[in-house]
Amino acid sequence: MSVSLKALVSRPDQPDPDAIKMFLGQIPKTWTETEIHELLDPFGPIYSLNILREKGSALSKGCCFVTFYTRKAALEAQNALHNVKTLTGMHHCIQMKPADIENKTEDRKLFVGMLNKQLMERDVRRMFGQFGNIEECRVLVNRDGISKGCAFVTFSRKSAAQNAIHCMHQSTTMEGCSAPIVVKLADSPKERERKKVQAQIAQQLNQFTNQWKSLSSLAAFAPMAQALAANNPYLMNNLATVPFPKAGYNVNPGGSSLYGNLSAHDHGENNFALRPSAGTIDRNSSPILDPTAGMLGSMYSSSNSMLNHPPLSFQTLTPAGSHREGPDGSNLFIYHLPTHFTDHDLLQAFAAYGTVVSAKVFIDKQTNLSKCFGFVSYDNPVSAQHAIQAMHGFQIGMKRLKVQLKRPKNETASKPSTY
């Protein structure tokens, strides 16, 4: 194929201001610039062409970036080739689309708030059209089709969006509005997902904090429970271990039995310290628990986790990003993380269940993007199990986390993990 006459006409020094950088994929790795020009020149003259090659090698990756002198030529090439034509020797259709850096609208898409609810899309276009070409304009409406008083406006060029912000933001207060018009850059999808995740985490931590604060009132029941235990044989023999949050009492649910005998040691008049025994059951006592025992046992079961694992604000945390592991059974693999999740985000999500010694999100060295998995290490296996129970299947944004234990190094591949 000979190079088209369209490609041989006189060319300007620079492409048009609205020219698009395109990504061309699914081309043979043996192709050179000559074959690519033969494919693309019929659509218009090409300003730049860059074949992507393997690191440290001249071998092509089978894709390239190309910029036409005109936007029209790029769009014509996209319409004619993208998911339409398959080249000889290839198994998939050609991919011809704007490069990611060009396809993003973060710096061109505006959020406009405090609009008169009577304004329609054409009115908003007329208001902002003076600053440049508008690619998209959308007025937000409720289920009844009534305007919410805000809109999104996307310009073709970043400079037009910046001019609109400079000239229109808080420039006037429209009829029916309580504040001046708001014009700012719209949140990107990643920013919206990050804010949603942060709100979820903040809500969780707020719930944990409120539960923790509510436990402060539990200490007030300790003298009453001790007095009841001294005078009630059923309570003495059947009350589950109740770890009141008081000084000198060691909360250790893993070492206490569900129905442990309670011994009272006199440290003064009407002063008893509750201590769990080895876990034997008094067969002579009534099998029906005293109502008071049931109430306190219920308080124990609902609050025990929070007593041993207070919320984030009560933990002493180590900085995220280190590679230090905890003891065997304390190290977790976390899969399906959101793409924007950082080490700190991972730390915040899992710190409520124990002391974190390491939190790391794995990053691709070549792209510097998250691989969407990481690991969290605690200082004890109990915290790791609490984290698995609470966070496995937990939805963050559009993903559900997969949380599992990392097998100890000395454990063979055939041996199942022990919990």
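A salt bridge is a side-chain nitrogen of Lys or Arg within 4 Å of a carboxyl oxygen of Asp or Glu. The views below come from a predicted model.

**View 1. R71, R108 and E135 form a network of salt bridges.** Side chains of opposite charge can pair when their charged atoms come close. Here the three residues R71, R108 and E135 are linked to one another in a network. Across the structure, the count of salt bridges comes to eight.

**View 2. R125 and E121 meet in a salt bridge within a helix.** The distance from N to O between the two side chains is 3.2 Å. R125 and E121 both belong to helix α4, which covers residues 121–128. Because they are four residues apart in this helix, about one helical turn separates them. Are these residues buried, exposed or in between? R125 has a relative accessibility of 29%, so it counts as partly exposed. E121 is also partly exposed, at 37%.

**View 3. A salt bridge joins R194 and D345, and H340 touches both residues.** The side chains of R194 and D345 meet at 3.3 Å, N to O. This pair links distant parts of the chain, with R194 in helix α6 (residues 189–214) and D345 in helix α10, 151 residues apart. R194 is partly exposed, with a relative accessible area of 28%, whereas D345 counts as buried at 8%. H340 sits in the loop between β11 (331–335) and α10 (343–350). Leaving aside residues up to four places away in sequence, H340 touches K190, E193, R194, V197 and D345. The relative accessibility of H340 is 10%, and the cut-off for buried is under 20%, so H340 counts as buried.

**View 4. K360 and D343 meet in a salt bridge between a strand and a helix.** Their side chains come to 3.6 Å, N to O. K360 lies in strand β12 (residues 356–363) and D343 in helix α10; the pair, 17 residues apart, links distant parts of the chain. D343 has a relative accessibility of 18% and therefore counts as buried.

**View 5. Four strands form an open antiparallel sheet.** Strands of a sheet pair through backbone hydrogen bonds, either parallel or antiparallel. In this sheet the order is β2-β3-β1-β4 and the pairing is antiparallel. Why does one side of β2 and of β4 lack a neighbour in the sheet? Strands β2 (46–53) and β4 (95–98) stand at the edges and have a single partner strand each, so one side of each is left without a neighbour. On average, neighbouring strands of the sheet are turned by 20° against each other, direction ignored. Strand β1 (residues 21–25) pairs with β4 in the antiparallel sense over four bridges. In that pairing, M22 stands opposite P98 in β4.

**View 6. I46 is a buried residue of strand β2.** I46 is placed in strand β2. Its relative accessible area is 6%, so I46 is buried. The C-alpha atom of I46 is separated by 5.8 Å from that of Y69, although the two residues are 23 residues apart along the chain.

**View 7. Helix α11 has buried residues covered by other elements.** Which residues of α11 (residues 381–391) are buried? They are S383, A384, Q385, A387, I388 and M391. What covers them includes β11, α10, β13 (370–378) and β16 (402–405). At the start of α11, a side-chain oxygen of N380 reaches to within 3.1 Å of the backbone nitrogen of V382. Just after the helix, G393 takes a positive phi of about 85°.

View 8. A disulfide is a covalent bond between the sulfur atoms of two cysteines.

Methods:
Residues are numbered from 1 along each chain as its sequence is written. This is a predicted model: local features need pLDDT of at least 70, side-chain atom pairs count only at pLDDT 80 or more; totals for chains, interfaces and linings use all residues. Side-chain values use heavy atoms; hydrogens and water are left out. Two strands pair if DSSP finds at least two bridges between them. Helices (H or I, at least four residues) and strands (E, at least two) are DSSP runs, numbered from the N terminus. Axes are lines fitted to C-alpha atoms, for helices over the stretch in contact, and angles run from 0 to 180 degrees between N-to-C directions. Buried means under 20% relative accessible area, exposed over 50%, partly exposed in between (1.4 Å probe, protein chains only). Contact means heavy atoms within 4.5 Å. A polar contact is a pair of N or O atoms within 3.5 Å; within protein, one must be able to donate a hydrogen and the other to accept it, and residues adjacent in sequence count only if both atoms are side-chain atoms.
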